[in-house]
Amino acid sequence: MSAKVVNLENLTIDDTRQAIASGETTATALAGQHYERIAFQDGEIHSFLALSRERAMAQAKKIDEMAAKGDPLPPLAGVPVGIKDVLVMRGAPATAGSLILKGYRPPYDATAVAKLEEAGAVLLGKLNCDEFAMGSSNENSAYGPVLNPKALDRVPGGSSGGSAAAVAANFAVATLGTDTGGSIRQPAAFCGVVGVLPTYGRVSRYGLIAFASSLDRVGPLTTTVKDAATVLQVIAGKDVMDATSSTRPVDDYVDGLAKPVQGLRIGVPEEYFGEGLDPEIRSAIDGVVAGLKLVGCVVKPVSLPHTKYAIPTYYVIATAEASSNLSRFDGVRFGLRAEEANTLSAMFRKTRDAGFGAEVKRRILLGTYALSAGYYDAYYRKAQQVRTLLTRDFLTAFADVDVLVAPVTPTPAFKLGEKTDDPVQMYLEDIYSVAASLAGICGVSVPCGQTKEGLPIGVQVLGKHFDESTMLRVAQAVETQQASRESGA
């Protein structure tokens with residue numbers, strides 16, 4: 001019996017596994033369908049940088065053999081997944097969106113990538129991103145920008161714009177992104193998908209090309225909260241290859257979704273609703289809060305008084321760590337090497353000048369300055385002290401509430417090129433996301449409506465350290481409310 005063509009629109013993990021287990025389709029046919037869709041539409045959106053067809057089809061064949069035998073299928077059996085190009089994947093290009101790594105093909109898999117494949121996922125390829133994950137619009141990729149599938153004249157958000165766009169365009173059922181200061185949550189909000197920021201240490205960073213090591217986190221982007229919980233369940237946990245990964249047991253995130261939200265305490269931080277917040281986003285978040293009240297949640301106002309310092313604190317710490325991490329890209333061991341350099345120092349200079357884009361150079365300069373003799377105490381040390389105050393703000397708030405609900409971004413997706421000439425305005429797009437990154441807590445962006453122009457709006461649910469279960473339960477309640485509104489129920 002030939003495999004049936006499956007409707008790829010908003011296909012979920014459960015849909016995929018059921019279709020393969022029942023014989024409605026095969027993992028091989030489903031992967032082929034996704035590749036056909038990518039070939040037909042992604043020339044315009046540009047979410048993928050490279051496809052790993054041979055590896056994907058080999059994995060799909062294994063899943064089909066399991067299904068034919070009637071063997072139990074793993075949690076991500078046959079699920080087509082895309083990988084952000086800052087996570088290494090054996091034999092596939094790993095450019096981090098930069099010319100300086102053009103042609104580099106790593107000999108190993110990132111831990112998160114390996115866990116996905118062990119769970120049955122079919123790895124379609126590598127996804128476009130801002131260079132070294134530095135950006136809020138995905139316009140900083142050396143290989144061209146990604147367009148927002150919901151509005152092609154708009155950015156998809158960054159730096160995981162390719163990851164969000166691939167899910168929104170139904171090129172993949174799930175993707176992996178990374179979040180340093182909002183780079184999963186913001187593109188998820190701009191593209192109308194779900195994006196999870198796990199607690200720092202919950203998911204291994206082994207195999208992640210580092211931007212800022214104390215901030216970088218790996219997380220999933222999906223169409224539903226349940227799918228996000230499923231993928232997070234797979235990739236979470238201790239990894240001996242990453243000393244910063246936590247030994248805490250991983251909760252059963254999927255089973256946890258069945259628990260009621262009635263009685264949960266929802267905090268609404270007043271600092272996230274001030275001047276600069278788009279009125280339509282404010283209205284949508286107000287609707288979310290009202291909906292949570294209706295299902296029995298207790299809503300409380302809270303204060304995070306040091307929020308106003310989050311952006312400057314983030315851009316001192318992140319750029320300082322970037323300056324250190326990116327010093328390894330010098331043309332000696334891998335990637336680009338400038339020609340016509342007569343000395344070692346000239347080779348370093350020419351390679352880095354040709355290989356790094358403007359935004360990466362800007363952040364290296366800022367970080368090097370902050371770490372330089374005479375300025376370390378005034379900038380980097382002071383930023384770390386303020387980071388502690390920001391973390392204490394969240395700990396104080398979480399003593400009274402279970403989760404926080406807030407906007408993800410101050411505006412909906414903006415137009416391509418609108419903010420590229422003004423780095424400060426671009427940096428301010430992260431105003432509601434960087435504080436959670438600095439504090440190391442978990443968060444999730446969930447679609448909660450759209451503007452009059454049809455642009456997606458996301459709401460951010462922030463949870464305590466390692467309390468992804470409660471965060472995801474509230475996120476699913478928000479998702480259920482939104483589904484009811486859209487259906488007119």
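Hi everyone, let me start with a definition: a patch is made of residues with over 30% relative accessible area and no salt bridge, where like charges are joined within 9 Å and nonpolar side chains (Val, Leu, Ile, Met, Phe, Trp, Tyr) within 5 Å. A salt bridge here is a side-chain nitrogen of Lys or Arg within 4 Å of a carboxyl oxygen of Asp or Glu.

Some housekeeping: this is a predicted model, with local features needing pLDDT of at least 70, side-chain atom pairs counting only at pLDDT 80 or more, and totals for chains, interfaces and linings using all residues. Residues are numbered from 1 along each chain as its sequence is written, and side-chain values use heavy atoms, leaving out hydrogens and water.

So, the patch. Tyr369, Tyr375 and Tyr379 make a nonpolar one on the surface, together about 290 Å² of accessible area (Shrake-Rupley, 1.4 Å probe, only the protein chains shown as cover). Tyr369 is partly exposed at 41% relative accessible area, a class between buried, under 20%, and exposed, over 50%.

Now to the annotation. An unreviewed UniProt entry places "active site" at Lys84, Ser159 and Ser183; such annotations may be inferred rather than shown by experiment. They span 100 residues in sequence, yet no two of their C-alpha atoms are more than 11.3 Å apart, so they gather at one spot.

Is Lys84 buried or exposed? Buried, at 0% relative accessible area. Beyond four places in sequence, Lys84 touches residues including Ser159, Thr178 and Ser183, contact being heavy atoms within 4.5 Å. Ser183 is buried too, at 6%, and among the residues Ser183 touches are Lys84, Ser159 and Gly135.

Definitions and conventions. Buried means under 20% relative accessible area, exposed over 50%, partly exposed in between (1.4 Å probe, protein chains only).
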